[in-house]
There are 2 protein chains.
Amino acid sequence: MRLGTKLWFALVCMLPLLAQATELRGTGDLGIVIERATGSVLVVDTSQRGTIGRVEGLGDLSHASVVFSPDQRFAFVFGRDGGLTKVDLLTASIVRRIVQAGNAIGGAISDDGTLIAVSNYEPGGVRVFDAKTLDPVIDIPATGADGKSSKTLGLVDLPGRRFAWSLYDAGEIWVADLTDAKAPQLTKLTGIGKLPYDGNVTPDGRHYLAGLFGEDGVVHVDTWQTPLRAERILNGYGKGEEPLPVYKMPHLEGWAAVGDRLLLPAVGHHDLIAVDLRDFKEVGRIATHGQPVFAVARPDGRYVWVNFAHPRNDTIEIVDTLSLKIVHRFAPGPAVLHMEFTPRGNEVWVSVRDADRVDVYDATTFAKKAEIPAQKPSGIFFTVRATRIGQ
Amino acid sequence: MRLGTKLWFALVCMLPLLAQATELRGTGDLGIVIERATGSVLVVDTSQRGTIGRVEGLGDLSHASVVFSPDQRFAFVFGRDGGLTKVDLLTASIVRRIVQAGNAIGGAISDDGTLIAVSNYEPGGVRVFDAKTLDPVIDIPATGADGKSSKTLGLVDLPGRRFAWSLYDAGEIWVADLTDAKAPQLTKLTGIGKLPYDGNVTPDGRHYLAGLFGEDGVVHVDTWQTPLRAERILNGYGKGEEPLPVYKMPHLEGWAAVGDRLLLPAVGHHDLIAVDLRDFKEVGRIATHGQPVFAVARPDGRYVWVNFAHPRNDTIEIVDTLSLKIVHRFAPGPAVLHMEFTPRGNEVWVSVRDADRVDVYDATTFAKKAEIPAQKPSGIFFTVRATRIGQ
């Protein structure tokens with residue numbers, strides 16, 4: 001009995017050690033795959049090209065987006081239903097989940113990693129939370145110059161503990177300095193144009209662009225200039241002759257920024273537009289297989305991978321950014337929804353929703369290297385996003 | 001006694017759990033500070049602005065450099081004495097240390113994280129190791145067109161499991177495709193100019209530049225072009241009228257790449273040269289406090305922080321890249337050797353060697369936020385480098 005107790009004792013003591021050995025790992029190669037239909041996410045490992053856990057109970061993950069803490073341990077998942085969920089990647093579990101609004105559309109994390117901001121449709125405005133606890137820090141209502149409350153969208157982080165976003169109903173762009181989070185300093189650009197439906201910033205955090213639904217064009221704010229000014233660019237980029245519903249407008253996170261150019265999906269056309277970042281003029285068009293949804297640059301900028309809207313959404317085309325020519329086309333499977341490159345761009349993960357699969361491709365040879373089962377996968381987000389501005 | 005045993009049992013079983021709780025952490029906010037004089041490194045935590053361990057026994061760390069594994073758990077430290085040490089950041093301990101040459105000058109990690117390459121002075125050539133084990137994979141001797149063995153330097157990784165480096169004695173630049181690591185495909189550019197003393201690549205992995213010690217200029221290879229070609233640029237950039245010893249030549253890792261410009265230290269002058277990346281022509285000069293050593297861009301590219309050579313090495317100047325004017329100057333202390341920004345650029349760490357201190361500054365307000373004791377600190381390297389090309 002004495003020996004038996006000792007053995008039992010030794011075994012029980014070993015358990016946490018074994019667990020520790022499994023769990024002590026780096027987080028630079030982790031990521032999240034959204035499983036929209038089931039309200040769950042996969043925690044994935046890009047080194048192993050596999051899944052290390054599934055986290056359930058995240059609510060409505062339509063158009064969900066994800067940002068990461070600076071230590072790359074925690075993911076913040078923004079759901080369409082106003083849900084904000086903090087996920088621990090190392091334990092594949094929920095740290096805390098709040099429902100902070102009735103209807104929301106993405107968020108951002110401040111450059112110091114301390115604040116999470118969410119842009120809301122219902123009610124409008126932006127709400128800011130403590131990244132550690134998800135406790136509320138401040139609400140910033142979006143009351144436009146018209147005196148009415150606006151939906152907000154196109155929320156991004158900027159250097160210096162700042163955020164920028166657009167007011168859909170009022171037609172404004174706001175830049176908020178949250179150095180003192182309890183007393184945000186707001187710069188409001190009013191009368192920028194009708195119904196900005198999406199916004200984004202270039203990877204250096206300098207140029208904020210918003211697409212206009214109510215007019216035919218894009219608004220540009222160079223955040224390095226003082227005072228801030230909104231200027232119209234790319235007239236003709238917008239919806240053109242045929243009116244389109246807002247959900248058909250391309251999302252501006254579908255841009256690729258490569259060197260001194262942007263590649264943008266042309267609204268309602270089977271084209272990418274190349275725009276010079278020095279003067280925001282169109283410098284070329286690339287005819288594509290379908291209506292582009294996402295144009296994603298390989299991190300070195302040499303190639304841009306493009307997927308397409310239904311019914312041509314089984315295909316990816318790869319554009320050589322030097323020649324602006326398509327160098328490869330292939331069909332991964334039904335409903336290619338998203339693409340995410342590993343940090344230095346050697347591989348790319350592709351969600352093939354209707355095949356319940358994420359495929360991993362070699363980004364140099366285009367050879368398929370792995371297939372990972374997933375339940376109706378949509379967005380893919382790797383922890384490298386913690387290191388990038390404007391995510 | 002029975003109760004006593006149970007208590008002891010419970011306590012002993014808790015120990016590994018406590019250890020686990022401490023050690024289970026993300027690695028996105030970790031880094032290494034080189035302590036050259038003592039052959040040691042500090043493992044640091046940028047979130048806590050502090051040190052989490054010291055690792056000793058790394059040999060001669062003059063001009064040491066560091067790369068990181070894709071999971072951001074392991075650092076590979078390249079010493080001047082040919083030492084290559086793999087450090088586990090989570091346990092602050094050495095995984096393996098080899099002395100792979102008599103005299104070496106930096107290394108790189110392949111874009112897939114599997115290969116570590118080191119450029120050697122004695123003997124010359126490049127040696128390649130398995131990143132997991134540090135076992136040798138292949139030696140690539142650097143026998144130039146002159147039939148003699150060369151020192152190698154300016155070793156960088158390129159996309160597609162490639163590396164590039166320069167041959168000092170032979171005056172050549174080689175690009176190696178290690179898709180099949182046992183059978184490297186070498187492209188040799190010969191007759192590029194006399195005595196390339198350093199080389200580097202732009203952050204997109206596209207433009208490889210080597211400074212010439214034997215002539216007055218820089219050599220440029222656009223790695224996106226086929227066939228590869230070496231072209232002379234920036235005549236007058238080099239040592240100019242007065243002959244300087246090679247150790248006085250600026251290191252090309254001292255560049256800042258901002259948007260479509262490079263800022264380069266001018267040899268033997270108190271100047272930074274602004275170079276347009278579209279045509280590699282000089283477009284401006286910035287008069288500085290001393291001979292610049294490192295010009296380091298804040299990740300958004302808005303500001304470049306510059307330190308200087310002895311005897312003006314107590315000072316930092318900050319250049320606004322929009323106006324090319326100096327907007328701030330301050331003296332952190334004696335012998336400011338290196339600067340490293342946090343991934344999104346909210347803070348910057350500065351090694352003040354002769355004060356035995358690393359200072360942390362707010363990169364927006366320039367206020368000092370922390371002082372961290374260190375033994376004669378020199379280079380500072382954060383794990384975000386795992387996500388960057390050409391490190």
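Student: How much area is buried between chain A and chain B, and what share of it comes from carbon and sulfur atoms?

Tutor: Buried area is what two parts lose in accessible area when they are put together, summed over both. In this predicted model, the figure for chain A and chain B is about 4400 Å², with 57% given by carbon and sulfur atoms.

Student: How many residues of each chain are in contact?

Tutor: There are 51 residues of chain A in contact with 51 residues of chain B.

Student: On to the rings. How do I read the pair A:Trp305 and A:Phe341, stacked or edge-to-face?

Tutor: Look at the angle between planes: under 30 degrees counts as stacked, over 60 as edge-to-face. Over all chains the count comes to 16 aromatic pairs. For A:Trp305 and A:Phe341 the planes stand at 90° and the centres are 5.8 Å apart, so this pair is edge-to-face. A:Trp305 belongs to strand β25 (residues 303–308) of chain A and A:Phe341 to strand β28 (residues 336–341), so the pair ties together parts that are 36 residues apart in sequence. Both A:Trp305 and A:Phe341 are buried.

Student: And what about B:Phe330 and B:Tyr361, stacked or edge-to-face?

Tutor: Their planes are at 65° and their centres 5.0 Å apart, so that pair is edge-to-face. This pair links distant parts of the chain, with B:Phe330 in strand β27 (residues 325–330) of chain B and B:Tyr361 in strand β30 (residues 357–362), 31 residues apart. B:Phe330 and B:Tyr361 are both buried.

Student: Which residues do ring pairs link into a cluster in chain A?

Tutor: The cluster is made up of A:Tyr303, A:Trp305, A:Phe330, A:Phe341, A:Tyr361 and A:Phe366.

Student: Where does the charged end of A:Lys151 sit?

Tutor: Here you check a charge against a ring. The charged end of A:Lys151 sits over the ring of A:Tyr121, 6.0 Å from the ring centre. In the other chain, B:Lys151 lies over the face of B:Tyr121, 5.9 Å from the ring centre.

Student: Is A:Leu30 buried or exposed?

Tutor: The cut-off for buried is under 20% relative accessible area. A:Leu30 has 1%, so A:Leu30 is buried. Its place is in strand β1 (residues 30–35) of chain A. Leaving out residues up to four places away in sequence, A:Leu30 touches A:Arg25, A:Val44, A:Asp45, A:Ile52, A:Leu89, A:Phe382 and A:Thr383.

Student: Now the backbone. Which residues does a cis peptide bond join in chain A?

Tutor: Omega is the angle to read. A cis peptide bond joins A:His310 and A:Pro311, with omega about 5°, and A:Pro311 is found in the loop between β25 and β26 (316–320) of chain A. In chain B, a cis peptide bond joins B:Thr226 and B:Pro227, with omega about -10°. B:Pro227 is in the loop between β18 (217–222) and β19 (230–233) of chain B.

Student: What is phi at A:Leu324?

Tutor: A:Leu324 has a positive phi of about 55°, although A:Leu324 is not a glycine. A:Leu324 lies in the loop between β26 and β27 (325–330) of chain A and is buried, at 18% relative accessible area. B:Asp356 is in the loop between β29 (347–352) and β30 of chain B, and is partly exposed, with a relative accessible area of 32%.

Conventions:
Residues are numbered from 1 along each chain as its sequence is written. Chains are lettered from A and ligands numbered from 1 in the order in which they are written. This is a predicted model: local features need pLDDT of at least 70, side-chain atom pairs count only at pLDDT 80 or more; totals for chains, interfaces and linings use all residues. Side-chain values use heavy atoms; hydrogens and water are left out. Rings of Phe, Tyr and Trp (its six-membered ring) pair if their centres lie within 6.5 Å; planes under 30 degrees apart count as stacked, over 60 as edge-to-face and the rest as tilted. Helices (H or I, at least four residues) and strands (E, at least two) are DSSP runs, numbered from the N terminus. Buried means under 20% relative accessible area, exposed over 50%, partly exposed in between (1.4 Å probe, protein chains only). A charge sits over a ring if NZ of Lys or CZ of Arg is within 6 Å of the ring centre and within 35 degrees of the ring normal. Contact means heavy atoms within 4.5 Å. Buried area is the accessible area (1.4 Å probe) that two parts lose on being put together, summed over both.
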